[in-house]
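Reader: Walk me through this structure, please. I would like to learn how to read each feature and then see the case at hand.

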Amino acid sequence: ERFPDIDWDFPGILTDLVGDLSLSPDPIEVKLFSPDLAWLKKAAPQVQAEIKSVPGVVDTLPGLTETGPSINIRVRPAEAQRFGLRVADIADAAGIAILGKTSSHVIEGDRSIDIRVAGNASLAGSVESIGNLPVRASTGAVIRLSQVAEIQTEPSEVELDREDLRQNVIVTGRLEGRDLGSAMKDIQAKLSADKTLPPGTIEYGGLYQQQQESFMNLLCVLLMALLLVFTVLLIEFRSFCEPLAIVFGAVLALFGTVVALWLTGTTLNIVSFLGAIIGVGIVAKNGILMLDLVDHWREQGLSLEDALVRSGERRLRPVLMTSLAAALGMLPLAWGLGSGADMLRPLAIAVIGALCISVLLSLVATPTVYYILVRRRKIPHTA
């Protein structure tokens, strides 16, 4: 209330740092595009009021940055020439008196201190005081600035921003106690229902745009990882049954990640997505340990069922050791202990969720799929 012209902002240190690094300091950015500046001035506060009504959205700003009122001094050429003054002379005199000018400097110890010459601070207080500013003519006479120039005040103007050569205004907001995905869905639904906003004038940016692009990139990484793992397994086992069974079990590990995130109330974000990819890799490794021993037992004359059972008994301890070691190692991070742990906490939860179900997948799901594939391959086809 005491400082109404100040835009107050209360960002978290970590989220603000991540936003600055990604060139999107605010989670919510609603971009309004239009060549009509009057419409932008009207629509921006309207959009701000609508997104502010969404639960969890705080610190909203309309994005209308004003330059502040200005004082324009327009020289009258005829009067200036009569006193032998040029426009540059009048501008220098007014600039030095109002804004000041560095004229010299002094040395104090090892520091250089500028000496700035300026007029009385009260000169910039009003149009009348500026008009009474004394200006020395070439003839030596002293005149008032208002005798050779018109002094006018103009209201503040809105700063014009452009993106892709399109004039726009960005309405911003932050979140408190709510995830970005659900909040943006409510904002999009509310703005889509507003008939006063023409189609094509609204775009969404900020961390939400960064999140959507990152999700698509991570999805491509996950698919490429599964493809490369399948290729390596195909070269190693020289058969399609083992790679298909191992990759199937690894994909099912995503179910454990989803359950862990749901139980802990953690949202699916970029960090937890990375944890899911790591969990898929660990489960695939356990599947390799399981099926790598099956061929050894079958070469000794055991049936497929007995080879799978004995391989599961032999590999139970290594699978448990690796899974428990990885899960317990990430438990402090998942618990949120230590400074900065909140940033990597979703990753640890996602990995632990995949590891908790990896034993079941490695010892049950992967051998079952492998058994079905091998039996179907051996069934003779009848005409």
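**Strands, patches and pairs**

Author: Start with Val-106, which sits in strand S4 (residues 101-108). Helices (H or I, at least four residues) and strands (E, at least two) are DSSP runs, numbered from the N terminus. This is a predicted model, where local features need pLDDT of at least 70 and side-chain atom pairs count only at pLDDT 80 or more, while totals for chains, interfaces and linings use all residues. Residues are numbered from 1 along each chain as its sequence is written, and side-chain values use heavy atoms, with hydrogens and water left out.

Reader: Is Val-106 buried, exposed or partly exposed, and what are the cut-offs?

Author: Buried means under 20% relative accessible area, exposed means over 50%, and partly exposed lies in between (1.4 Å probe, protein chains only). Val-106 has 32%, so Val-106 is partly exposed.

Reader: Which residues gather in the patch of negative charge?

Author: Lys and Arg count as positive and Asp and Glu as negative; His and the chain ends are not counted. The place of a charge is NZ of Lys, CZ of Arg, CG of Asp or CD of Glu. In this model, Asp-5, Asp-7, Glu-66 and Glu-157 make up the negative patch on the surface. Take Glu-66: its place is the loop between strand S2 (57-61) and strand S3 (70-75). Glu-66 is exposed because its relative accessibility is 51%.

Reader: Now the salt bridges. How many does the structure hold?

Author: Side chains of opposite charge can pair when their charged atoms come close. The criterion is a side-chain nitrogen of Lys or Arg within 4 Å of a carboxyl oxygen of Asp or Glu. The structure holds five salt bridges. One of them pairs Lys-31 with Glu-163, with the closest N and O atoms 3.1 Å apart. Lys-31 lies in strand S1 (residues 28-33) and Glu-163 in strand S9 (residues 161-163), so this pair ties together parts that are 132 residues apart in sequence. Lys-31 is buried at 9% relative accessible area, whereas Glu-163 is partly exposed at 24%.

Reader: Which residue does Arg-178 pair with? And Arg-76?

Author: Arg-178 pairs with Asp-186, at 2.2 Å between the closest N and O atoms. Arg-178 is partly exposed at 25%, and Asp-186 is partly exposed at 32%. Arg-76 meets Glu-79 at 3.7 Å, N to O. Both are partly exposed: Arg-76 at 22%, Glu-79 at 24%.

Reader: How many disulfides does the search find?

Author: A disulfide is a pair of cysteine sulfur atoms within 2.5 Å. The search of the whole structure finds zero. As for cysteine accessibility, Cys-241 is buried at 7%, but Cys-356 is exposed at 60%.

Reader: Last one. Where is Phe-83?

Author: Phe-83 is in the loop between helix H3 (77-82) and helix H4 (87-98). Phe-83 is buried, with a relative accessible area of 17%. Phe-83 and Gln-147 are 64 residues apart in sequence and 9.9 Å apart in space, C-alpha to C-alpha.

Terms used
Patch = residues over 30% accessible without salt bridge, like charges linked within 9 Å, V, L, I, M, F, W, Y side chains within 5 Å. Areas by Shrake-Rupley, 256 points an atom, 1.4 Å probe, with all protein chains shown as cover.
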